[in-house]
Amino acid sequence: MTESFRVAQKIGLLFRPEDDIPRDIKDWAMGQLSTESKSIGIKSISNSHQIEHWPEDYLPSLSERAEMLRQLRLYEDRIQKDKTLSKIEMDRLLWINEKKNNIRFLDELRFAHRNVYAEDQVKQRFSLFWSNHFTVGISGTTRGLIGHFMDAAILDNLNGSFSNMLYKVTTHPAMLTYLDNIYSVGENSERAIQCRKNNKCKVGLNDNLGRELLELHTVSPAANYTESDIRATAQVLAGWGTIVDKPQLEKFGLFNHWDAFVSNRAEPGTKLVLGKAIYAGKDGLHNLTEHLASHEHTQRHLARKLCQHFVSDDVQSVDIEYIMKIWQQSGGDLRKIHQAVIERAIASKAPKFQWPAIWLFQVLRISDSTYFLGWGDIHKDLNDRRMSAKKVFQELGQPFWAKRQPNGYSSSKSYWISGEFLERRLRFSEAIYNTAHPQFTPKEMMDRIGVNSATRNLVEGLSGRKRKFIALMCSPELMGVQGG
Amino acid sequence: MTRREFLKLTGASLFLSAAPVSGFTKDLPQGNISVILLQGGMDGLTAVPPIGDPALASLRQEIGLSNPIKVNPFFGLHPKLQHFSKLMARGEASIVHATSFPYTKRSHFEGQNYMQGGGSSPFSTTTGWLGRALDLALLPGRALSLELPLILRGSLNVDNFYPARVNGSSKPEKWLIEQITMAHQAEEAKAFQAVGDKVADQARSNIPRDPVSLAKYAGEQMSTKGGPVASVIRVNQFDTHALQGADEGSHGDRLELLDEVIKAYREGLGDAWDQSIILTLTEFGRTASVNGTGGTDHGYASVGLLAGGLIDNSRVISEWPGLADADLYEERDLYATIDYRSVCAACIERVLGLDHDLISQKVFLTSKLKRTYDYIFS
């Protein structure tokens, strides 16, 4: 691969036909971090070259989403309980309800479009890295919130401090719901005391988010925290969050969904987390996330993860140390940290294996294929062989909207190598060739990318354009397992 | 030499140099082994409640079972484990209680890695205990999942099966796969080659992908001559921090699914059931006490369920530590009194005919593993 493509493969999504290939790739990559991020895509596959903004209606705010979720559940319940409906009528009404109120399918498609059509490809890659680091899977109402979380908690905070992103992520209703914090009540809170007095309700602490905040999101087990640190973290978090599809705003009239701290559920008193005293009250969480964000174990843990995702499969300690140094010097400025990652990714000539989803985006971009439906298509019966975005990501083994574990997808290459995973690469290549009308021939792509002689020999040794297409996409070079 | 020839040769020479295996005992016929990975941490006190322990009821007020199936005066079974209870009645299933891998730090991800890796500590190995055992015995294994789980890694003779559903694609061409395989190196080449082998095998691709259907298929595969001797299936979502339910509810639903998976294995195995052992594996148990949100948090010991025709007498194998405050690990979790690695080792010994000391050293990478074989298989 030419140097531009090699770097864009590691830290970006490769170049679309309308992209100019940059002369100075480092300069381009750094500039990418400041590019404006827009939700763009296509309305219909029948007009696939019209790349435009997603309609405002499909970009609901958090409170609009809360209302949609409330309606979704309300009507679901009403339809299912209606004994007068036939099975067919019931299914039809449920489907209409889904179309109107379940934003999840549009969010998932918009995510795919953003990556396939993005002008801010490097930002999209970092955004996906952090969305995966701070995994939110489906649990209760999160299905309608994950799209908002990725945009507003991650992408919008990509150029601020890590500390700020950590706070925004931790307090986002998607995270507070996914890791059960909305149920957690301090054992000495007003609410708990009242419950005990009346003997009518049972409430208490839930340590799920507290544990993962330490283990996964920040310091990692390397920090040797204790069960008492976990418990204290859960106590700091108690009171944060609310069930979004209940009309809490009307009920309490006090807070919005992303700043939902219910003081009578909070644990009073000072807590001690990793040696730091955290005072009671709403500001306590801010103090805690700042402390965790600046902890050396957090820096090391995240520097390693960034290296493994962007720099090389065989992580080098010199790269980790470099990123840690920039982290410390900049006080955790994510823009500076991302710049450091880009520098190391360019400097390292080692190949970097790419996730199945990233690979798919890259294949679609370099071949100029129209694989994902348009936003106007997804509720139509197109009689088309195309799969929904949901099914595509499921089949690749990376359904971001799914019931999944909070540790996210591994960046370790060996996890992704199995017969079944590689059969998916062969099959998706074929499916793209058969259904997504790639505008470039394998030869045109090889010339543009500047593939190495091994890739060229593999492709040219085959007969038939389809075979050549499949072999090119499944070549070691395009999979990121051998140097360009 | 082409890469393909190279792969073939190394495969063959490995086979020759490694046979005969030291420690192989031939007095019992070879069996088959299936591991069900219960991800999230199964609550042993819900699956197999110690109904005779006086502390149980008060610890579990909201989530205690109203109607457990009675196994003996001290232990009950969750009512959703219907099929398992019938197997126990027939002498084809056993329970190991208050057991765990020796890991007490309550992290899912360390725990999951450790229960599959089986080395000295979490993240200390890149191969798994079942993979290492199969490598010693030169026998094949298969995972029913998109990825090859850590537990099976470490043998050249393992693969995975999870039928593809990619619209607009067909079964890949064997010749094309061969060309692509030759362009790749190392583990990628091996995995592409596995795709080629699968295509040549005419493997069925219309199997539904839920754990029950996959278990039935795995059973069928293991019952055919030359098929895998080991299989691995995963059942998710045991991590019930909130509202886990009791007789009904989310934890009970997972147990029901587990029960169906065991039943499906039995159906698929057919006559091979007589030579089978199925065992569950989970990263930790859950807190002895219900938490403030109707669920349980991460704990220490849990329960292991064993089923299969290789079991002759149903038992509850346990050195019960008790549930009184002072008996709990860090005053919150059921103590583990049996190292579950020993249970896994006994199953390997029975199925693959390897010697216990060899299993201890080469599979679990320790010289100190206790032998529990006679408790389970006599």
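Mentor: In this predicted model, a strand is a DSSP run of E of at least two residues, and strands are numbered from the N terminus.

Trainee: Where does that place B:Ala288?

Mentor: B:Ala288 lies in the loop between β8 (276-282) and β9 (302-307) of chain B.

Trainee: Why is B:Ala288 called buried?

Mentor: Buried means under 20% relative accessible area. B:Ala288 has a relative accessible area of 0%, so B:Ala288 is buried.

Trainee: Which residues are in contact with B:Ala288, leaving aside neighbours within four places in sequence?

Mentor: Contact needs heavy atoms within 4.5 Å. With those neighbours left aside, B:Leu45, B:Leu59, B:Arg60, B:Leu323, B:Leu328, B:Arg332 and B:Asp333 are in contact with B:Ala288.

Trainee: How far apart are B:Ala288 and B:Leu255?

Mentor: They are 33 residues apart in sequence and 18 Å apart in space, C-alpha to C-alpha.

Trainee: What makes B:Arg209 and A:Glu395 a salt bridge?

Mentor: The cut-off is 4 Å between a side-chain nitrogen of Lys or Arg and a carboxyl oxygen of Asp or Glu. The N to O distance here is 3.1 Å, so the pair counts as a salt bridge. The count between chain A and chain B is 8 salt bridges.

Trainee: Which element gives the largest share of the side of chain A that touches chain B?

Mentor: That is α20(A), with 13 residues. The residues of this side divide into 23 nonpolar, 17 polar and 18 charged.

Trainee: How much area is buried between chain A and chain B?

Mentor: About 4700 Å², of which carbon and sulfur atoms give 56%. The contact takes 58 residues from chain A and 57 residues from chain B.

Definitions and conventions: Residues are numbered from 1 along each chain as its sequence is written. Chains are lettered from A and ligands numbered from 1 in the order in which they are written. This is a predicted model: local features need pLDDT of at least 70, side-chain atom pairs count only at pLDDT 80 or more; totals for chains, interfaces and linings use all residues. Side-chain values use heavy atoms; hydrogens and water are left out. Helices (H or I, at least four residues) and strands (E, at least two) are DSSP runs, numbered from the N terminus. Buried means under 20% relative accessible area, exposed over 50%, partly exposed in between (1.4 Å probe, protein chains only). Buried area is the accessible area (1.4 Å probe) that two parts lose on being put together, summed over both. Ala, Val, Leu, Ile, Met, Phe, Trp, Tyr, Cys and Pro count as nonpolar, Asp, Glu, Lys and Arg as charged, and the others, Gly among them, as polar.
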